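This report looks at the open spaces of a predicted model and at the helices around them. Please keep the sequence and the structure in view while reading.

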Amino acid sequence: MLWVKAFHIISMVCWFAGIFYLPRLFVYHAACEDEPGRERFKIMERKLYRGITTPSMVATVVFGVWLISYNASGYFSQGWLHAKLLLVAVLIVYHFYCGHLVKVFRDDRNTRSHVFYRWFNELPVLILLAVVVLAVVKPF
């Protein structure tokens, strides 16, 4: 179980690294005014989303389900896990919305400013704080 937990944490760290950096790329992409720069951001966004962030999300979910499977009835009787899983679901939706935004930028259809993406980048920070507190403190 400890190996599974270690790989769950490692994949979660990689997922969050991507989920923090991808919207930051959107900030810079939205502010970019030259064509070579925009093309460079398209490549970076695609590679980050497909090559790191999405596989890390899948691994995080797989290892998380594996952990729960060791004692599903025990874990599901604890309220903190329900709250954590809800936040993970919100983060998965956020992840796929980022994938949508990668396509929007790829097709040169972005209409939002860099300021929007600066605020957009804050949601996963709040989710990370809540998930870590729920998993470590188990307040309910």
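The largest pocket of this predicted model has a volume of about 690 Å³. Of the 29 residues that line this pocket, H8, L67, W80, K84 and A135 are the closest to its centre. A pocket here is, on a 1 Å grid over the protein atoms alone, an open set of points where a 1.4 Å probe fits, with protein on both sides within 12 Å along at least five of seven lines, and lining residues have an atom within 4 Å of a point. Grid points are joined across faces, edges and corners, and the volume is the space filled by probe spheres set on the points.

Four helices, α1 (2-31), α2 (35-69), α4 (79-106) and α6 (123-137), each supply at least two residues of the lining of the largest pocket, and α4 gives the most, with eight residues. Helices are DSSP runs of H or I with at least four residues, strands are runs of E with at least two, and both are numbered from the N terminus. By class, the lining of the largest pocket has 22 nonpolar, four polar and three charged residues; Ala, Val, Leu, Ile, Met, Phe, Trp, Tyr, Cys and Pro count as nonpolar, Asp, Glu, Lys and Arg as charged, and the others, Gly among them, as polar.

The second largest pocket holds about 180 Å³ of space, and its lining consists of K42, I43, R46, Y49, R50, G99, H100, V102, K103 and R106. The elements that give two or more residues to this lining are α2 and α4, and by class the lining has three nonpolar, two polar and five charged residues.

| Helix pair | Angle between axes | Distance between axes |
|---|---|---|
| α2 and α4 | about 160 degrees | 11 Å |
| α1 and α2 | about 155 degrees | 8 Å |
| α1 and α6 | roughly 155 degrees | within 9 Å |

Because of its angle, the pair α2 and α4 is roughly antiparallel, a term that applies to angles over 145 degrees. α2 passes α4 in a left-handed crossing, in which the near helix is turned anticlockwise from the far one by less than a right angle. On the α2 side the contact (heavy atoms within 4.5 Å) includes K42, R46 and Y49, and on the α4 side it includes G99, V102 and R106. The residues of this contact divide into 11 nonpolar, four polar and four charged.

α1 and α2 pack at about 155 degrees, which makes α1 roughly antiparallel to α2. Their crossing is left-handed, and the contact of α1 with α2 has 21 nonpolar, eight polar and four charged residues.

For α1 and α6, the axes cross at roughly 155 degrees, so α1 is roughly antiparallel to α6. α1 passes α6 in a left-handed crossing, with M12, F16, I19 and F20 of α1 meeting P124, V125 and L128 of α6; these residues divide into seven nonpolar, no polar and no charged.

The protein chain as a whole comes to six helices and zero strands, and its C-alpha atoms fill a box of roughly 55 × 25 × 20 Å along the principal axes.

Residues are numbered from 1 along each chain as its sequence is written, and side-chain values use heavy atoms, with hydrogens and water left out. In this predicted model local features need pLDDT of at least 70 and side-chain atom pairs count only at pLDDT 80 or more, whereas totals for chains, interfaces and linings use all residues.

Key
Axes are lines fitted to C-alpha atoms, for helices over the stretch in contact, and angles run from 0 to 180 degrees between N-to-C directions. Angles under 35 degrees count as roughly parallel, over 145 as roughly antiparallel, 65 to 115 as roughly perpendicular and the rest as oblique.
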